[in-house]
Amino acid sequence: MALPRQRVTLITLGVADLARAQEFYAAWGWQPHDASQEGVAFYQMNGAVLALFGKADLAADQGRAEDELGTGAMTLAQNCADDVETDEVFAAALAAGAVCLKQPEKVFWGGYSGYFAVPDGHVWEIATNPFWPLADDGALTLPDPG
């Protein structure tokens with residue numbers, strides 16, 4: 001049986017200091033998976049895994065120079081059930097050490113969102129999208145435009 005190609009199963013973030021990155025995610029309320037090991041931390045998400053991997057090791061694994069990796073040109077996003085949850089998740093990230101890029105606010109497309117950067121510069125958007133309801137487990141499936 002062929003698996004669908006349109007999927008992401010693992011997101012790996014290169015980090016300058018793995019211990020510091022793990023401290024941030026722990027303070028934000030994320031729990032590392034038992035499969036974590038020296039040099040890499042895994043976090044089970046809903047249908048995918050987030051990995052934190054030393055930036056130099058990630059560059060070597062990719063066969064590139066470390067300075068070619070960069071950060072901030074993409075955004076990770078977490079959709080919330082409502083604006084109150086968006087504010088709570090956002091505040092928890094700031095309390096854990098994230099830097100606010102844009103406070104959550106009503107946005108042009110009809111939702112509510114804000115952006116922060118984690119200690120290694122990776123950018124997260126925390127948002128409420130009234131057009132994309134979440135499942136009870138937090139999963140997001142795009143609605144049929146029908």
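**Exercise 1.** State which strands each supply at least two residues of the lining of the largest pocket, then describe that pocket.

Solution. 
Step 1. β2 (40-44) and β4 (75-80) each supply at least two lining residues. Strands are DSSP runs of E with at least two residues, and helices are runs of H or I with at least four, numbered from the N terminus.
Step 2. β4 gives the largest share, five residues.
Step 3. In total, 29 residues line this pocket; M45, N46, A77, Q78 and G138 lie nearest its centre. A pocket is an open set of points on a 1 Å grid over the protein atoms alone, where a 1.4 Å probe fits, with protein on both sides within 12 Å along at least five of seven lines; lining residues have an atom within 4 Å of a point.
Step 4. The volume is about 950 Å³. Volume here is the space filled by probe spheres set on the points.

The model is predicted: local features need pLDDT of at least 70, side-chain atom pairs count only at pLDDT 80 or more, and totals for linings use all residues. Residues are numbered from 1 along each chain, and side-chain values use heavy atoms, without hydrogens and water.
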